[in-house]
Every structure is written in C-alpha cells, then in structure tokens.
There are 4 protein chains.
Amino acid sequence: MKSIKTIRDPIHGTIAVNELELELIDTPQFQRLRRIKQNGLCFLIYPAMNSTRFEHSLGVMHLAGLLADHLELEDDDRQIIRVAGLLHDIGHCAFSHTSDDVLTKMGHSHEENSTRIISETEISDILGKYGLNDREISELINGRGKFGKIISSEIDIDKMDYLIRDSYYAGVAYGVIDLERIIYGMKLVNNELVIKRGSLEAVESLLISRNLMYQTVYRHHTKRIVEAMFKRALDKFLDDEDMSYEDFIQMDDIDLVSRLRNAKGYPRDMMKRIDRRELFKIAFQEGISLIEEGLREEMLKNSREIEEGIADDLGVDRGYILIDIPEIKMSEFRILIESDDGLKLINEVSSLARALEKAEEEKLVFCIYTPPEYMKNLKGFDVEKYMEFTQTKLGRFL
Amino acid sequence: MKSIKTIRDPIHGTIAVNELELELIDTPQFQRLRRIKQNGLCFLIYPAMNSTRFEHSLGVMHLAGLLADHLELEDDDRQIIRVAGLLHDIGHCAFSHTSDDVLTKMGHSHEENSTRIISETEISDILGKYGLNDREISELINGRGKFGKIISSEIDIDKMDYLIRDSYYAGVAYGVIDLERIIYGMKLVNNELVIKRGSLEAVESLLISRNLMYQTVYRHHTKRIVEAMFKRALDKFLDDEDMSYEDFIQMDDIDLVSRLRNAKGYPRDMMKRIDRRELFKIAFQEGISLIEEGLREEMLKNSREIEEGIADDLGVDRGYILIDIPEIKMSEFRILIESDDGLKLINEVSSLARALEKAEEEKLVFCIYTPPEYMKNLKGFDVEKYMEFTQTKLGRFL
Amino acid sequence: MKSIKTIRDPIHGTIAVNELELELIDTPQFQRLRRIKQNGLCFLIYPAMNSTRFEHSLGVMHLAGLLADHLELEDDDRQIIRVAGLLHDIGHCAFSHTSDDVLTKMGHSHEENSTRIISETEISDILGKYGLNDREISELINGRGKFGKIISSEIDIDKMDYLIRDSYYAGVAYGVIDLERIIYGMKLVNNELVIKRGSLEAVESLLISRNLMYQTVYRHHTKRIVEAMFKRALDKFLDDEDMSYEDFIQMDDIDLVSRLRNAKGYPRDMMKRIDRRELFKIAFQEGISLIEEGLREEMLKNSREIEEGIADDLGVDRGYILIDIPEIKMSEFRILIESDDGLKLINEVSSLARALEKAEEEKLVFCIYTPPEYMKNLKGFDVEKYMEFTQTKLGRFL
Amino acid sequence: MKSIKTIRDPIHGTIAVNELELELIDTPQFQRLRRIKQNGLCFLIYPAMNSTRFEHSLGVMHLAGLLADHLELEDDDRQIIRVAGLLHDIGHCAFSHTSDDVLTKMGHSHEENSTRIISETEISDILGKYGLNDREISELINGRGKFGKIISSEIDIDKMDYLIRDSYYAGVAYGVIDLERIIYGMKLVNNELVIKRGSLEAVESLLISRNLMYQTVYRHHTKRIVEAMFKRALDKFLDDEDMSYEDFIQMDDIDLVSRLRNAKGYPRDMMKRIDRRELFKIAFQEGISLIEEGLREEMLKNSREIEEGIADDLGVDRGYILIDIPEIKMSEFRILIESDDGLKLINEVSSLARALEKAEEEKLVFCIYTPPEYMKNLKGFDVEKYMEFTQTKLGRFL
C-alpha cells in the first residue's frame, strides 16, 4: 500500500503511513494515546520527559517497517508487523505502568485490554476491512507467532524505540544505540530472532544502554518516591470511589489527575503534593540483597500493613510512611547469537551480558519514604538503631 | 551564589541552579508551568511537541547566565537577569498564547499576571529574602531597563531558547541556530543590545530560522484550525460559565481540558472533536494581501457576527463555520548592528533582513473552516462564486 | 541488485552498496578521492574540515537512491543515477576547486577529466560489464538528460550532501537542511525537477543555508587569503616545472604538497608559510560593488601584472602582494515551483529567493594581501590615501 | 587571561583561547599536528575518520578548562592544566601510534619527544615568557603531579575527548558519553581524581564506551590488517634508508606517505596497495586465549622470523605473510570511587567494571594475513589442518 501521509518525528525523521495505518491512527482509541505519557511522572525529575505513547507507537511501527525491509519479508507480513508495532500499546491505561498494579488488583491487565480493543472496537472493523486478522495482531503483540519476537522479546523494536526516545527527552546520552547496526544484524531462524555474530557488539550496547537507563532514569530514586506516592493515592482513591474496570480503562492522564485533584482526603493531598513537587524523602535505605529473599516476598505481599504498622509506631499518619521494595526481575537475556557452532545464548559468548544480568541486582535498594515534616519524628534514631527498629517492626507483621 | 543542583535538559545539557533559583523553582507558581504546554495544541500536528513552559523557562535562565558571562556583568546583575529569565513566563495561563485573547477580553494580560505573581505571592518573599527587587524583575521581563533587551526584544534569549527547543521537538531542522555565535556577537551599548558586525550572519540566521518556524510550525494550517476551534469553545464556555479572571488564571492545561470535557453543548463537542482529532477543514482560502486593509480590520472586530451570518445563510449550525484572519504583525526588525559608521538598523545593512520583513506578509492566508460533514453544504459553489458570495455576506455585516 | 556491503557515514548513517558500486569504489581512480580534501585548505580556518571527496561521493550516491525511491523510478534508472552520483567528482584534481584555474590555463577542466576517466579507464570496463553506458553517465554528471537536474542544478543532491556535510565538520549550524522534506517535495515534470508548492519552505531553507555557508565558510576571509597564496604558489611552480596536464591530473593532495615542499624559491616559501599557518594579512579592502564593472574585469585579466606593479612601487618582493577580486556569479535561481497556475520560477513566488540573489553581491569584497613583515611598508598611508594610490597604480596597468 | 580568539569545533562548539594559548598554537610544532591524523589509516575502514591530533588537542585543552572550573581551581592551576591538555600530544610522530613501535626500536618514545619539544623549542620560550614551568607541564602530561590524573589516567580528559570525537567521525553511536555528568562527578582528594558515588553510572558508561569503540573501531579487523601492512613497510623502509631518529620525528603524515611512495621494492608496493586499498586478507585466525601465554610472548618477540618461516614454507614471498598477535593489556581500572566507607576501587563496587576488564581479553584474536593472490597457496588446507601446521611452524622458531 502506498504512503499517503508523513508524520514528523524527532527520533526517526519522517514516518510515512498508508491508508490502513492512517485509519487506525485516526480512531479515538489510538488518539487517546496522545494523552498518556510514556513515562508517567518522570517529568518531575527530567523536565522534558513529556513524550507520549502516541509518538512511541508510531516509532515502533516505523522500526517494524525497517526491520521487515531488512528481513525481506513479503508485503503482507510487513504490513501485519507494522500494524502490530502501531497497536502494541493500545491497551495502556492512564499513567501506563504506574496503573498496571491497579489493573492486576482488578483482575485484569493492559495486555488483555489491548486484545479487547483490537477485537471489539472500530479498530477490528478497520483491520477486517483491509483483510487483517485481529487475532493474529494480538498474538504478535504478546510475543507469539512467527514474528512475535520482533515485537516483544529481549531485543524487540519496542525497546529500541523507547531507549532512544526516552534518552533523547531525558537529555542523557545513555540511550543512544546503533539502531541500524542492530537491525542489520538480525535474522529470522525458525521464528526466532537471531543475531549474527558480527553484530554482537551492537546488541551488547543495547543491553548496556538498557542497564544505564534503568539506573539513571527508570529507577531514579526520586522517580521511585513519586511513583510510590501516586500509587498509594490511586489505591486509596479506587477504594473510596469503587470505580469499575470499565470506567478506569476509559480514562487518560488528564482524567485521572483531574479526578484525584477533585477527590477528598489522602488522594487529594497526595495529588496536591505531586503537583507542587513537595515530595516524600528517603528516611531509610538498604541494599536489597542484604534482605533475605523469603522476607522480601513476605514484605511485598504485606506492604500496606507494614507501612501502617510503622506509621502507627512512629506517630505518623497512615499513608505518610511508604515502603518501597523493588522486585528483582531475573533478566536472563534470552538472545540467540549465531556462531560457527550453531545458535548460542548471549551469555555463553559474552561476559558483558553475564555481568549485566548480575549488575542489575547489585544496585536495588529497599527504601522507606516519608514527608519532610515527619523526618523529625525519626530524629534521635541513628541509622543503625533505626534499622534494627525497622527490622523488629517488620518482624511483628510477618 | 554556588550551584547546589543540576537539572538535565535535552537542549542545553546540564542546567545548574543555586539556592535562590531552586527556591523559586520549588514554588507552586513555578511548578504550575510544568503543566502548561509550550505550544498548546501543536502536538496534534507534530506529535512530539509536548514540551512545557517549565523547561523553556529553565532554558532561558541558562542562556541568561551564558550571556551575562559573555558580557562580563557583575554577579548581582547576572543573578537578576537569570531570575528574570526564569520568571519571564510565570504569568502564562492554560494553553499559553491560545488563552491570551480570553485575558484581553477580561481586561487583563499575561504580562500583568506575571507582575502580580512576582510581587504578591511567595515568589516576592523569596526575592526579598535574597535582596532582589521584584519591581526590577518585572521591568526586565517587560523589556525595560538596563538589560531589558536581553529578555525581551527581537533577538532576545527567550526566542533563542524556544526556536531551538521547538524545532528539536517538532523534529524539523529549521530552528537550529548558532547560539554561541549569536551570544559571542552581542555587546551592550547604552542599555541597547548591539550586534558586532562580524556576527551579522549569525543574527540573519536567527531571523531566517524564526521565519521558517512560523511558516512550518507556528502557523501550520492545521494548527490554525485547531486553535480556532479551541478558542471558540473557550469563548463559549466562559460565556456560559461566567468564570472570573481570578479563577481562570489559577488553572493549568489539565484543569481547562477537564472543564471543557465536562461542559455542555458546543464547548463539550469541540473538546471531544479535538480529543479525537476530528477537525474542521478549510472550506475557503485567499491570500490575505488581496483583502483590503480596512475591510480586514472590520472583519477582525466583527468576526463572530460574520461567522454566524455565514452559518445561517449556509444552513450550518452556529459555531460550525469559523473564519480565520491572521494579523499582520509588521515585524520591523529593531536590531542594532555595530559598523564602522556607528550603529545601524539591521535592515540598513542586510537585504536579507529586509526581505524577511516582507516575506512574512506574503504567505498569510484568510480562511473559512467547517467540519467535514458540512463541506457538502458548500457543493455547487465554485470557488469564484463562493468568494463573491462571501464578500457579499461580509458586506452585510460591516 | 542486492546490497553486499555497508559503509558507515556520519551524515547518512549506513550507506549500502551493491556489487557494481563496490567494484567502482574499489578502483584506484575512486580510491584516489580519499586523498583529495573536499574543501582544500579550509581546515586552516575550521580545524575539523578534513573531509574528502570520497565520503561526499558516497553521500551523493546515497541521496540519489533516496530520491529515486521517492520518485518511484525503475530499477535501471535508479542504478544509473546512483552511479552518476558516485562518480560525479571523479575528475577532481588535487585540492579540488583550488586547482580548477590551473586546469583552465592548461586548456582543460575537471569535467573533461571526469568524462575521460569514466570512458577510458577500468571504470568504463566495469560499467560495460554491468550494461551501463558510460556516455549516459557523463551526460548526467554534466546536468543533461532526463535526470540531469538531479545531479547538477540549483537544488541538486550534490549540494544537499555537501551543505550538510561541510557544516557538520565546520561545526556551524548553518548547513542544516531538511533533507527529507526537500526530497519529499520533488517531482519530475518533463525532465525538469520541480518542487511542489507545499515544499517551498524546505527549498527556501536550502537556499538560505547555501547563502550562510558561503558567507561564513566558503568565502571566509582567511580562507580567501590561504587560497590566494596557494594558487600563486601553484602557478609559479607549474611555470618553473613545466608539468604536463597528464602528470598533473594523476596527483592527489599528498603529492602536490610534497612537490611544493620540495620545490625551490617562491612555491617552497609559500608552502612553508601555509604549513606553519604564517599567513598574509589584509592590507586593503573595499566592497566590490564600489568598483566599476568594466574595471573589475580588466583587473581580473591582468591581476598578476597589477600585483607585480604594486609590489615594485611599494618595495615589496614580487609575489608578496596578492590581489583578490571575487567574481560575481549571478545566481539566478532556476528552480521551478508547481503552483495552481502551472510551473513558476522560485523568484516569482518567493521574495526570500529574490532577496538571496541580491544578498550575495552585497558582501563581496576586493582585497590586497601581504605578509605581516611588509605591512610596515604601508605605514604612513592612511586608508584613504592608500586607496587613491592603489587606484592610480591600477590605472597605469590598464 | 582573557580569551582573544575562538575556534570552531564540531564536538565542543566554540573553543576560546587566550594570548598564551594562541602563541603556542601558532608554533610550527603545534601546527604540525594538523597533518597527523588522529587515527592513522582508520579512514580506510570508516571513510570520515580524517580528524587530526590538532583538533583533538584543542578539545582536550577545552575539557581541561571545564574540569578546572568545576573543581574551582586557582587561575594559575587552571592555566597550567589547559596548556598540558593542549600539548599532551605534541610529540606524536607521523601516523601516531602506528609509528610508536618504530620509535621504541630507535630507543625513544613519543613521550620523550614531547618533553624535548616542550623544553627545547620555541614552545619553552613562550611558556617561560608567561611564567609557566616547562618541566611542570611535562610532568602533568606524563600523569604525574597534583593534577596529573586529569591528563593521563583511566578516566582522563584525553579519553573523554577522543571517544566522543572518534565516534562522531566514525559515525557510530558507541562513543557517546555523558561528558558533563562525568565532569560533575569528579573531585580531587589528595591529588587523586576521585568519582563521587552518584556518578558511578556515568563512569561505567565511559568504560563501556571505550570497550565498544575498541571492538568496533580501534581494533576493527581490517584496520589491524592495514596497520600490519603499514608497519612492516615502515620497518623495511627504515632498514633500507637508515633514517635517523632526528629526521623521523620531523616528518608529518604527508612526508611519510610521500617517502614510501617514492621508495623502492617492498615499502613502495605496500604503500601502493594501501593507496589503492588492495589489502591483505585473513588467512587464519584463532582466539588469543587459546594460545598459551608463554608461547604468545615468544611469538611477539620473534614475529618477523616466524612470518618469514611460514612464507618460505608456503612458497610465498617474504613480507607477504604477516602475523598479528594482539597484546593483552591488563586494563585494571584504577578508578577511585568515593563511598560511605571511604575510597574504593571501581571494581570493588561495580560488577560491570569487573566484567569489562575480562571482556577485553575474550575477543582478542591471533591472525595471519596474506594478499588475495596467495590465498590459493592455502587451498587444500582445511582450518584444522592449517592450525596444526601453523603450530608446528611456530614451534620450529621458538
């Protein structure tokens, strides 16, 4: 299908779209992505991080086309991959990943929401009109099927776009990756995306870039604080309001902020603090690896109770002590490298990849946050004592 | 004063702030700028144009520092200019320039609002605490006083920042200017910002950049349509709601969109169309220079009545015919160039500057917009006839 | 033909080449371009301007491919245009344009040399082997034939590449152009390259970029001095050595510098001064427009005699007074714009284009250069007196 | 001292120089660096890598100034560091590192040459005139003294400049580092350059960048081939010509190429092949770690004899079999990180740093090169057999 329009993008220059793609873009479902920030409240740390799921989705579609060209796929396959790239984030709710936990609690997920939108709204009509199968698109988005690894895997085009895009807006150099060299290094072998040996460095640099972006942007300590505040506010708000899943998934960032501003009590106070950037501070921190694994899991499950217990003990209002226990995602890099002796996993041929797997765990930190006005409640506690104290508290709740 | 924090910016890299500046940034008044888009609804045309007055203000402060260093100003003067740069947009209301007309109707302006915020809120307390005079800052922001031209003139640092910044996000090359060369070419002569002869080219390139950005971004025809829709919605909303100036200036973009979404009738419909990017189309256009100047002014004054008259005649609901008459700002470039024979105006030494003054007028277009569903009402009218018809209509209302 | 290799380029990223192109690149004739600087001695002013005709030629080939794709040309036409782009500078001699005058004196030109190389060396064998006609390629390079305007005209891909490339290395922002938008705006109408109305701004920005690059880089006053010194050295060297055209065109930059270093007398001294950057200074300058046109032409023809006359009178060794009379190239912009009333020349629709034509003349300056040690010979002469003196001198030789 | 001139640089924008610095730049010794390529023959692989030691030296001086500003050094110290940055490569000979082995054979080094130039030429006069001590500068350049680590250490400003600069010209993204964040993270503690804990990521990214640049650029296999060819040609040329150290260090790249072109026999043939890019190919390769360490050292010492032995056996002319045994530089990263428990080495706190130390060894490869025309001599040998054969051959010479 011929391009009928071009859209300007700071990352990829000109993104050309054809009739089918333009119809999809013009649906209210897709336009909604203009009002869902790619990185939620990250802009409170990196002021220029205001980009949206809309531009990112266009970017992924564009990369899908480049990769399809490189792999010399048939026109039909190329089209299907581009559409999957375009729609891969269609089910994201207000504040993207920040609201994923809410969806989980409601017994749903944004992936499920994507499938629903693709199969039940006017998007499925458009796909049908042009002879595309909505189920096939959904499968692709979930990383399954012949080309699934292109859309969703350790080195998918989703990551390629957001690493570059986010680093561009954050104004840090870490996300710069050699897009062309990675794409030129890719091959399809039995539905698996495989990297040619000569492109190992390019892929290593992607892994490194991801690692550095996690450390400096995605897991920036202030960002973790804001997110903890926002999540707790949202939790409380949904408890208070008894909002249905159906209503929740309709909202965009504007709706949600507006609702929280007009809420009462705790959610309203949190939203006001976030709007004014009057944030909680770190009252305590400890390397996550020092906390025993079993304990960690228990803490994750009971985090709200633990928080309230600590708050009560310290004479702090409930909700004004927040604990933050980062999950250790064991990121085994499932990337296949083509070598003289057949396909190998990247950590068999690259000590850098092995190191990166380990390095992620090393820097995770368990934290307790509280507003500045309550920091004084903690005076008199030296760090050592406070830690013991905390341990005891935690103990009580397990 | 020593820097105590750095903020990351995609345009200028690292922006260092001192204690005074950080206190100003941390006020709710300044934090509010995070939620006022630099270019209103421009993101509907250039999807990545989501930047805010917040980051722009930091950028202008940063440039103020660079320029002060170059001019070898005293520390106190440097500080005052940086603060003026930081606060120059503090009075902007939701959707920035789009709401300026609303302010005018209410008998106010964003400049006035800036002065108020600087002299009446906690910002004036902070300024006082550090020995800065709020009136002096306000004067600077309005382009007056010893260093006024730095903040507000034909080649001020405001323009330097937004041209680069906007072109960065739009993803067009037009805004790229040689910042350093312009700054290196500046001199203060009797409170006037003067350009050294050797930097004429750098300044010409700024004028050109401005010209190209106007043509391709700021006056993009779709942007004009969206703006016309939004302004009419806002007008109607304020008529309906009878909102006070005091309430209006408290709002940010989120508040305003949220209010319009929850409004009734016309404003709600317009907001829905904008959210879904279901925009009006150009039903008619004509080079502005072909319309007699006197007529043009009358049209500007009576635009709402004219619109309604046309709508009635064409059987279109009122509000669904919008006319757009761009103002001709005679942009005489008041830029002084230092030459062997003393100071000269730039258009005395540069035919390029002269050409740019003229070129702006050349491309202005008068337009009538209507939704696609009403375009059929205009069928049967060939362009010539329709123009005559329009002229007659207009005549009736003058 | 399939790509079989990629070459890394800072401007265009990855340049893919096929078998035919790789064979052409691997000829000694083409490899020689690695050792011919794109901008001769410009690196003495902009230290990073060390790029070569080799990388530029690859860049032009790459742009040819992009344009062919956009114009949806047949594979054969695409290939022929890419080859013409690749070979368009193949005939350049050592120090490119600086030695063009030498070629003229010898009764030849670099265009002729290109044609010769394309039709007589192993390059013609390779073209033949792949079924390409060497004459067709030569025609294209000279701007003739169906696609000639693509390679050589006011808005050709040659210019697009060198403006971006040179500004990248110079480190100035002026050469930044919106490549994609220009290419997207192009159309072929009866063998003419025509610009769609909507891309007028993109083309204007190209003209502006060219204008600014001329002013700040290509005609930088120090560059003019170095070039005048080098040209006079080369003239004298060729007089002394009686080198043949055949020998001259074999040389690259290294050969020529090496020969001049090992020469005697004046050429050796000039080369030593250039190597040490001990340059002549401007002893006199005057806007070119103030000099009567007829006089100017006479001066151009008799420049060497005039120089020697002045030198004798001032007690300066011959060769140590150099005069520099820039030619006024009337750059009528022959660019066709598609409009509602058919094709129009750009200066009919763009006052900016008209202004640029005029602006070029405005800044041309006639100069006299001499080494610092002879500047004292001119002491006692105030500028006015010196000008009269010069005029009289000039008079005597006409 | 005030800036009196600015020089344009693509990497750092505008580099300002004062009177002292300008005088140093204007010496023939420093101007010579304009004609010594930063990366020797690397341009045969990355066509745009034509940058020189001249621009790099300016860049290092510029970074020295930025770092001195950040560390809030006294004016005198700032000046001395800038001069050391400017002059740190002054002793480099033609083709930089490629000719370092030649200097070693002659019993000298480029460091020694730097010291000589700084203390014995007009450069020492200029330093004296402005009250700077040439010995102090030389000490700094060799990494000694109070600020030595700034100029020469694992994270010196030399590396910061060349990584960014080389990646810019190579057109790869790997060299992009966050200059400002690294500089902001530095501290001087007892003459040691120490990194604040919060900047660990920025320094890790520098190490990674270095690692990737080594793999893809500095140790690119074709670059190693060209270098092996050039070194052998140079060896033979110097044997034939009996050139003195004094003569050798005067030459720039142009002189050396010119001499090789005009030489006889082997050096001339090699130079011709390099000029035409008719390069040797890899006839054999093996991971260096598989070769026993003792054996490796022996091979390095006897490489010429081994080459000739293999050549004789295979019926190849001597000089047309080249072996390449990369040295394993154990790059223990001597970088100090400030932590709560005092200073620590980076590999105590960063598993990434540890991994990078190991990763370098992993990819080193031992190779045998020969021209394409001799590849046929190796037919019939399957890789396994050939390896045994080689091992035996090698054995014979040890």
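The predictor's confidence in each residue is given as pLDDT, on a scale from 0 to 100. This is a predicted model, in which local features need pLDDT of at least 70 and side-chain atom pairs count only at pLDDT 80 or more, while totals for chains, interfaces and linings use all residues. Residues are numbered from 1 along each chain as its sequence is written, and chains are lettered from A, as ligands are numbered from 1, in the order in which they are written.

Begin by selecting chain A and colouring by confidence: its mean pLDDT is 88, and 91% of its residues reach 70 or more. Helices (H or I, at least four residues) and strands (E, at least two) are DSSP runs numbered from the N terminus. Within chain A, confidence is highest in helix α1 (residues 19-25), at 98, and lowest in helix α22 (residues 383-397), at a mean of 56. Where pLDDT is low, the predicted coordinates should not be read in detail.

Next, select the two domains of chain A, whose bounds come from an automatic or database domain assignment: domain 1 covers 1-159 + 240-278, and domain 2 covers 280-328 + 364-398. Their centres, taken over C-alpha atoms, are 35 Å apart.

Now show helix α4 (residues 75-87) and helix α8 (residues 134-141) of chain A, which pack at an angle of about 65 degrees with their axes 9 Å apart; the axes are lines fitted to C-alpha atoms over the stretch in contact, and angles run from 0 to 180 degrees between N-to-C directions. The contact, which requires C-beta atoms placed from the backbone to lie within 7 Å, is made by A:I80, A:V83, A:A84 and A:L87 of α4(A) and by A:E136, A:I137, A:L140 and A:I141 of α8(A).

Then bring in chain B and select where the chains touch, a contact that takes 30 residues from chain B and 30 residues from chain A. On the side of chain B, the elements that give two or more residues are β1 (3-9), α2 (28-31), α3 (53-71), α10 (157-170) and α15 (253-261).

Finally, view both chains together: a rotation of 180 degrees with 0.0 Å of shift along its axis superposes chain B on chain A (RMSD 0.0 Å), by least squares on the C-alpha atoms of residues with pLDDT of at least 70 in both. That is the relation of a two-fold axis. The copies meet through the same surface, because 100% of the interface residues of chain B are also interface residues in chain A.

Note on methods. Two residues are in contact if their C-beta atoms, placed from the backbone, lie within 7 Å.
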